[in-house]
Amino acid sequence: MTTNKITELLNIKYPIIQGGMVWVSGAKLAAAVSNAGGLGLIGAGSMKPPLLKEHIMKAQTLTSKPFGINVPLLYEGSLDQINCALDLGVTIFFTSAGSPSKVTKMLKDKGATVIHVTSSPALALKCQDAGVDAVVAEGFEAGGHNGRDELTTMVLIPQVREKISIPLIAAGGFSTGRSIHAALILGADAVQMGTRFLMTKESSAHDNFKQYALKATFQSTKLLMKKTVPVRLLENIFSKEIEEIEASFIKDELKEKIISHLGKSRAKHGMLEGNIEQGELEIGQIISHIKSIPSVEEVMQEIILDFNQSLARSFIKF
Ligand SMILES: Cc1cc2nc3c(=O)[nH]c(=O)nc-3n(C[C@H](O)[C@H](O)[C@H](O)COP(=O)(O)O)c2cc1C
């Protein structure tokens, strides 16, 4: 087992990060990933400080390994979430959905490790200029909120690698050891996975959602709401209604109509409470390749085996 820039930066065994996921990645999932040798992240985006505090304290009892929190900066209250985590001794912050310059200096001054999620080579350079320790570059395949540029992971990673000198974490479309091997060949130092970890016993996604997601085919997800808040969703009644709205409203009316149709708590209803018809079900394209709901430990072991087999096979010379 060798180390690299990311395993050293985060003090973890394997270069595998569990992406922060609203409603899905609480203490149980994050601690399980950290215990299995990766880095678990508590998804703070769906938590007010009192709940976030509970999850951080629970994770501290479930693992002695490093774990972090993910904070989407677009939500009101992101600073409160950061302060809550700092007070509890969290030192690893993955920020996303906002400008990295907003909080990076403050966090670095407090001795934290800061990693920002981005979806284009130009934005990755801005992250580096803002002083982050590493960048997550997330391709169009990824689950959850997404960049508008539609850059696939395969196209994005080599271009980000050329732009920045700090460590790089690839995200979007990873679920197997061989795909992680490919990411490292493209220039990444680690991968971040969301969908694969959503589909584990420890994630807090509702079982209705997990069972429904098991039936997904390669046609089952779409990037929707591109003109408002781009997000990749699993097809259901709600996602089809959104598509109809997008097809029938002109630009100026669209935003208002989408926001009113979204209403409140769609993501919570879908992902946490299991309303698979009318809830918002965020998931990545790779769901079509996932046909089981194992434990985190089983996922990690399978990935390591597959990675090593892939490495042993890669002797071809042209
Ligand atoms: C249900 C769900 C919720 C997510 N929520 C967040 C979030 O709160 N913050 C964030 O930075 N990324 C979020 N993401 C993105 C993941 O952290 C990760 O980068 C992405 O899932 C990687 O792509 P993959 O799904 O193909 O593995 C979410 C993804 C999913 C599937």
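1. Helix α9 (195-198) contributes the most to the shell around the ligand, namely 3 residues, where helices (H or I, at least four residues) and strands (E, at least two) are DSSP runs numbered from the N terminus. This is a predicted model, in which local features need pLDDT of at least 70 and side-chain atom pairs count only at pLDDT 80 or more, while totals for chains, interfaces and linings use all residues. Residues are numbered from 1 along each chain as its sequence is written.

2. The ligand has 31 residues around it, and those that come nearest are G19, G143, G144, G194 and G284; a residue is near a molecule or strand if its C-beta atom, placed from the backbone, lies within 6 Å of it. The elements giving two or more residues to this shell are β3 (67-72), β9 (190-193) and α9. Sorted by class, the shell holds 13 nonpolar, 14 polar and 4 charged residues, with Ala, Val, Leu, Ile, Met, Phe, Trp, Tyr, Cys and Pro counted as nonpolar, Asp, Glu, Lys and Arg as charged, and the others, Gly among them, as polar.

3. The domain assignment of the protein chain gives domain 1 (5-204) and domain 2 (207-286), with bounds that come from an automatic or database domain assignment. The centres of the two domains, taken over C-alpha atoms, are separated by 23 Å. Their contact takes 22 residues from domain 1 and 17 residues from domain 2, two residues being in contact if their C-beta atoms, placed from the backbone, lie within 7 Å. The shell around the ligand also draws on both sides, with at least three residues from each of domain 1 and domain 2.

4. On the side of domain 1 that touches domain 2, β7 (144-145) and α9 each supply at least two residues, and the largest share, 3 residues, comes from α9. That side divides into 8 nonpolar, 11 polar and 3 charged residues.

5. Strand β10 is joined to β11 (residues 231-234) by 4 bridges, and K222 has L233 in β11 as its bridge partner.

6. Helix α3 (residues 49-62) packs with helix α4 (residues 78-87) at an angle of about 35°, their axes 10 Å apart; axes are lines fitted to C-alpha atoms, for helices over the stretch in contact, and angles run from 0 to 180 degrees between N-to-C directions. The crossing is right-handed, meaning that the near helix is turned clockwise from the far one by less than a right angle. P49, L52, K53 and I56 of α3 make the contact with D80, Q81, C84 and A85 of α4, a set of 5 nonpolar, 1 polar and 2 charged residues.

7. Helix α2 (residues 27-35) also packs with α3 at about 35°, with axes 9 Å apart, and passes α3 in a right-handed crossing. Here A27, A30 and A31 in α2 meet H55, K58, A59 and L62 in α3, and the contact comprises 5 nonpolar, 1 polar and 1 charged residues.

Note on methods:
Two strands pair if DSSP finds at least two bridges between them.
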